[in-house]
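Hello,

I am passing a structure on to you, together with some notes on what turned up in it. Please have a look at it first, and then read on below.

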Amino acid sequence: MRILVVEDHEELASSLRAGLQAECYAVDVEHDGERGLYRARTNPYDLIVLDNMLPGKLGVDVCRELRAHQRKMPILILSARSEIEAKVDLLNCGADDYLTKPFSFAELSARIRALMRRPNQLESAVLTVSDLSLDNERHLVTRNGKSIPLTPKEFSLLEYFIKNKGKVLTRSAIMEHVWDQSADPFSNSIETHIMNLRKKIDRGRVRKLIHTVPGRGYKLDI
């Protein structure tokens, strides 16, 4: 899953990027409101972590404009203000949640997981397809009860496949949701990761789950 962090404090932004990447998210970072708004309007992020006090444009205004343009990704706003009125304003502008600074990364991570489960229907932290299971909180993948070690990128790729099970995913869609803005769209990184994932998930099994759809992309299906 791909997250945009908009935070002007560079040390905090760097720390958030490192922490979220360690939890298998693809992460882009911007340091001012105008750039954050542009990035959020031109990329299909799965979630935005948005500081409120930003140069260029306040987080509350970025959030309001995104909702006005029908961008529906979950938005978690970071704010130094803890007054009830301030929190109400943040929620009224279209934010899905807020976190008061200073905060622990563990709480931020838990809130992000909760927001990721919220759209469409309440999802369990454990996603399953046939005998394949992915536990997002424990970062554990099993098939038929046997643990399968994955790299962070393989884990994120598999999570995206499972959340879109049965759907054909184009190469560009996979790039947009699993890789960050630094990825080279002309490299064979996607193909290499899918090949490695197939080896770990499907090799030696009668029922294959990851399929190539010629001329269109890939899908995970039984």
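**What was found**

To start with a single side chain: K153 sits over the face of W179, 5.0 Å from the ring centre. Please keep in mind that this is a predicted model.

The largest nonpolar core has 46 residues, and I112, L158 and I174 are the ones that touch the most other members. Helix α6, residues 152-163, contributes the most to this core, with six residues. Another core lies apart from the largest one; it has 18 residues, including L37, L66, I77 and A95.

What about the cysteines? The structure holds zero disulfides. C63 is in none, and the nearest cysteine sulfur, which belongs to C93, is 3.5 Å away.

Now the charged pairs. The count comes to 18 salt bridges, and here are some of them:

- K101 and E7 meet through their side chains at 3.0 Å, N to O. This pair links distant parts of the chain, 94 residues apart: K101 is in the loop between β5 (97-100) and α5 (105-117), and E7 is in the loop between β1 (2-6) and α1 (10-22). K101 is partly exposed at 25% relative accessibility, whereas E7 is buried at 0%.
- D97 and R111 form a salt bridge at 2.9 Å, N to O. D97 belongs to strand β5 and R111 to helix α5, so the pair ties together parts that are 14 residues apart in sequence. D97 counts as buried, at 14% relative accessibility, and R111 as partly exposed, at 24%.
- D131 and R143 have their closest N and O atoms 2.8 Å apart. D131 is in the loop between β6 (126-129) and β7 (132-135), while R143 is in strand β8, residues 140-143, twelve residues apart. D131 is partly exposed, with a relative accessible area of 29%, and R143 is buried, with 2%.

Finally, salt bridges that share partners join E7, D51 and K101 into one network.

Best wishes

Methods:
Residues numbered from 1 in each chain as written. Predicted model: local features only at pLDDT ≥ 70, side-chain atom pairs only at ≥ 80, totals over all residues. Heavy atoms only, no water. Core = buried A, V, L, I, M, F, W, Y, C linked by side-chain atoms within 4.5 Å. Buried < 20%, exposed > 50% of the residue type's maximum accessible area, 1.4 Å probe, protein only. Helix = DSSP H or I, 4+ residues; strand = E, 2+ residues; numbered from the N terminus. Disulfide = S-S within 2.5 Å. Lys NZ or Arg CZ within 6 Å of the ring centre and 35° of its normal. Salt bridge = Lys/Arg side-chain N within 4 Å of Asp/Glu carboxyl O.
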